[in-house]
Structure formats: structure tokens, C-alpha cells
Amino acid sequence: MSNKWFVSLSVAASIAVLTACGGASGENKESSPPSQQQAPSAGAEDAGDQGQAPEPDLKDIPNVVATVNGKDVPKDKFVLAYKAQFQQAQMSGQELDQEQLKKQTADGLVGNELMLQEAEKRGLAAKDSDVDKKLDELMKQNEFKSTDELFAALKEQGLDKEQARAEVKSQISLEKLLADESGSMEPTDKELKDAYKQVVEQQKKAAEAPAEGAKSEGKKAEVPSFEEVKDQLAQQAKSQKQAEAAQALVAELKKDADVKILI
């Protein structure tokens, strides 16, 4: 079962997180080979073996974490987003600075709210029929027999039915807004092939200078074919385009916005 959409739902659309965390650290950053993206680092595993993994620090979070043009960003939305970001950081083996992560999450939610308000102004907010269609797609993609099963799975991740529908609506609205702002986010064949060449080069470099553990195994990493990773590369490229468009749009919207972050 795929977890991609569950993660994006939990953070009130993955675009929001990208606007917060994809700036300085995201620029000039090489894409990870698709086959390596989800694996936690050895450091993260060692840390888990040596002691109990850290827990999200959610004490002293106010009921309203920010206001955006007079609209509140509530604590429950922040908690969902922060937990998802915290989990992703742990899985990637990143060194955790929870105070910095809280600020990034809050800033991402502010950007998210600014874009949702802009989508509303442009008449691009998703309709209930759009949400129903997307939920049906998610049900089929994740091989559930009904949307009730989908909602049950989401509830296990902390999202009730009302929250899940709201997050799907946000996701659709943001995608519509970014398409309206910057045009199609779908990568061209040339872009995908260029990205694949980058993956191949990364794999070659890794083979030439393998990690100590890989040397002891004496195994050479196999390079997946273009067709095998084409869909993953397309999703990476689309996400990157969305992140860049979102960052630029949020920066513009902030100029005339009344924003107060309260954490």
C-alpha cells in the first residue's frame, strides 16, 4: 500500500511543507535515486538501536499557531503537519532540531493558508465533486474496497473523515492555483531523460566510491532501467516544479499579507 498520499494529507498538502523546507536546503540539491529515497540512513537505524527514538515535542503549542489575514491556523492542523515532518526527518536520518522544525512547519502552514486564500480569490477552490473524485482515485490506488476503508486507514494516522476531506480539498485547490500561476507542472520527456542520466551518474559515483559496508558485501548496485523509474522521476520533477512555483508565489503573497506566527 502506498503511503505517499497519506503523508501529503497529514501535512495539509505536501506543497506546504516544500514551501517551508525547500528553500536554501532545496536549491542546487541533487535528486536522490528513486530506488534509494525511502530507506532510512544507517545513522538513523543506529540511533534507534542505541536508545529510544525522540518523540515530537508538542508541549506549550498554543491553540492558534498563526494568523493569516485574520484567519487562524489552529493547533490541530499544526500537530498533524509537525508529526508528519518529524517522522520524515527521522526516516531520512536528519539531525533533528525541533525548535527549527516547528518554525519551518508553522511557516509552511502560513504559506499554505496564503495560497488557499489566493485560490479562493481566483475562484479555484476545489468543489465537493472534485474531492469525491480524488478520494475515489485514492481508494483504488491504495487497493481499498471502499472509501470507508480509506477513511478508516486515515483515521489510524490521526485524520478523521472531516479532516481528510479538508486536506484533499486543500491539495486540489493548491494544484489548481499553481497550474493557473505557472502552467502545466508535468515534466517533458527530455526533462525525465535528463533526470535519469543524473540518477545513472549518481549510481556510478556510488559504485566507484562505495560506503564501507558496501565494500564488505562486494556487491555492485544495479542501475534501474528508465522505464522502471520513469513514474518516480516524473513525480519528483513535478514536486520540484510545484515547490519552486509555490515558493515564488508565497513570497509575493507575503508582501501584502498580515501574518503573525505565534510559536
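Author: Asn 69 sits in the loop between E1 and E2. Those labels come from DSSP runs, numbered from the N terminus: helices are H or I with at least four residues, and strands are E with at least two. Before going further, keep in mind that this is a predicted model, so local features need pLDDT of at least 70 and side-chain atom pairs count only at pLDDT 80 or more, while totals for chains, interfaces and linings use all residues. Residues are numbered from 1 along each chain as its sequence is written, and side-chain values use heavy atoms, with hydrogens and water left out.

Back to the turn. E1 and E2 make a hairpin with two residues between them. The phi of Asn 69 is near 50 degrees, which is a positive value in a residue that isn't glycine. Most residues other than glycine have a negative phi.

Now follow the hairpin away from the turn. Two strands pair if DSSP finds at least two bridges between them. E1 covers residues 64-68, and E1 and E2 pair in the antiparallel sense over four bridges. You can read off some of the partners: Val 68 is bridged to Lys 71 in E2, Thr 67 stands opposite Asp 72, and Ala 66 stands opposite Val 73. Ala 66 also has a bridge partner in E3, namely Ile 261. E1 and E3 pair over three bridges, again in the antiparallel sense. As for cover, four of the five residues of E1 are buried.

Put together, the three strands form an open antiparallel sheet in the order E2-E1-E3. E2 and E3 (259-261) are the edge strands and each has a single partner, so one side of each is left without a neighbour in the sheet. For the angles here, axes are lines fitted to C-alpha atoms, for helices over the stretch in contact, and angles run from 0 to 180 degrees between N-to-C directions. Neighbouring strands of the sheet are turned against each other by 20 degrees on average, direction ignored. H4 packs on the sheet and touches E1 and E2, its direction making about 45 degrees with that of E2. H5 lies across E1, E2 and E3, at about 35 degrees to E1.

Contact means heavy atoms within 4.5 Å. Leaving aside residues up to four places away in sequence, Glu 113 touches Val 68 and Lys 71. Glu 113 is buried, with a relative accessible area of 9%.

A pocket is worked out on a 1 Å grid over the protein atoms alone: it is an open set of points where a 1.4 Å probe fits, with protein on both sides within 12 Å along at least five of seven lines, and lining residues have an atom within 4 Å of a point. Grid points are joined across faces, edges and corners, and the volume is the space filled by probe spheres set on the points. The second largest pocket comes out at about 420 Å³. Its lining has 22 residues, and Lys 71, Lys 77, Glu 113, Leu 116 and Ser 170 lie nearest its centre. The elements that give two or more residues to that lining are E2 (71-74), H4 (75-92), H5 (98-121) and H8 (161-182). By class, the lining has eight nonpolar, five polar and nine charged residues; Ala, Val, Leu, Ile, Met, Phe, Trp, Tyr, Cys and Pro count as nonpolar, Asp, Glu, Lys and Arg as charged, and the others, Gly among them, as polar.

Glu 143 has a phi near 60 degrees and sits in the loop between H6 (128-141) and H7 (147-156). At 72% relative accessibility, Glu 143 counts as exposed.

Terms used
Buried < 20%, exposed > 50% of the residue type's maximum accessible area, 1.4 Å probe, protein only.
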